[in-house]
Amino acid sequence: MTLTRLVLFSGWGIDARIWQPLIACLQARLAHVTETGDQADAGADDQAKSRPLEIIAPDWPEESPQADSRAGSEPTASRASLGGADTLWLGWSLGALRAEALAKKQAPAVLVSLAMGPSFIDQAPFEQTLPALAPEVLEDFRAAFARNPAASWQHFLRWQASGEASTRDCLRHLRELIGRHPVSREAVLAAGLAELASRQMSLAPQSELPLEFWLGKQDPLLAPGLSAALRAQGQVVAEFEGGHCLPLSATEALADALLTRMGLVTHHVTRISEEA
């Protein structure tokens, strides 16, 4: 089935500007496909060719550069449904946990959890069987955030960039996109950390919500062994070379994987690993 709408959900403390490189790459890939359309396979979907890919990157209401005092955890564009049988959702980090909850109401065709497992930290009280970070990791960060929010946000940027081949280049690129100060209010960021501590995906049957996990092999924010454990439970997992900042460090690989998953191209230009 061909999917023609892509919705991108950003993570904690980082607004939708993070998606600019990926969107540009997708548009360049699609322009190339259009230019070479005469050489496409004879079995290609002509109707899909005539329908451009719609890309939506909504901000969560309180986490955009134009944020006002509204509260709530649904993205700005959710007044009109973002779901549908023609739609793939890509949620990054906390955005994946939020998107999974929202998907129960808006039902996309596919949800991809990028750089996030079923939970961020170990939910031992709920008999979690999949690896996640120890609760103390987030507790320590939340305590530091309470003392100095601005410094903790900067530390978080460095932390998530630390798994990339060049931490310095990734951090520079990240700051060029989103600036050197968070756009969200401190109370909003604190609430997001509380979500990271408590949200857990339900892992509904694939027939109810097709869910895939696209993870970085060097992600410092994921527990060791997560990919193998997910596969052992029958979950769909793809691994990318990179850390937590896959929208920046694996832009081309992500674009190729998305277009292939959506049925808009028939092969990956950049190979990703789907096996352990």
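Trainee: Which residues does L90 touch, not counting residues up to four places away in sequence?
Mentor: This is a predicted model, in which local features need pLDDT of at least 70, side-chain atom pairs count only at pLDDT 80 or more, and totals for chains, interfaces and linings use all residues. Residues are numbered from 1 along each chain as its sequence is written, and side-chain values use heavy atoms, with hydrogens and water left out. A contact means heavy atoms within 4.5 Å. On that basis L90 touches L6, V7, L8, F9, W19, L22, V112, L114, W214 and L258.

Trainee: Which residues of the largest nonpolar core touch the most other members?
Mentor: A nonpolar core is a set of buried Ala, Val, Leu, Ile, Met, Phe, Trp, Tyr and Cys residues joined through side-chain atoms within 4.5 Å. Buried means under 20% relative accessible area, exposed over 50%, and partly exposed in between (1.4 Å probe, protein chains only). In soluble globular proteins, nonpolar side chains tend to be buried together. Here the largest nonpolar core has 81 residues, and those touching the most other members are W12, L90 and W214.

Trainee: What is the order of the strands in the open sheet?
Mentor: Helices (H or I, at least four residues) and strands (E, at least two) are DSSP runs, numbered from the N terminus, and two strands pair if DSSP finds at least two bridges between them. The pairing in this sheet of 6 strands is parallel, and the order is β2-β1-β3-β4-β5-β6.

Trainee: Why is one side of β2 and of β6 left without a neighbour in the sheet?
Mentor: β2 (54-56) and β6 (236-240) stand at the edges of the sheet. One side of each is left without a neighbour because each has a single partner strand.

Trainee: At what angle does helix α10 run to β5?
Mentor: Axes are lines fitted to C-alpha atoms, for helices over the stretch in contact, and angles run from 0 to 180 degrees between N-to-C directions. Helix α10 (residues 251-261) lies across β1, β3, β4 (108-114), β5 (211-216) and β6, and its angle to β5 is about 165 degrees.

Trainee: How many disulfides does the structure hold?
Mentor: A disulfide is a pair of cysteine sulfur atoms within 2.5 Å. C245 is in no disulfide, as the nearest cysteine sulfur, that of C170, is 3.8 Å away. For the structure, the number of disulfides is 0.
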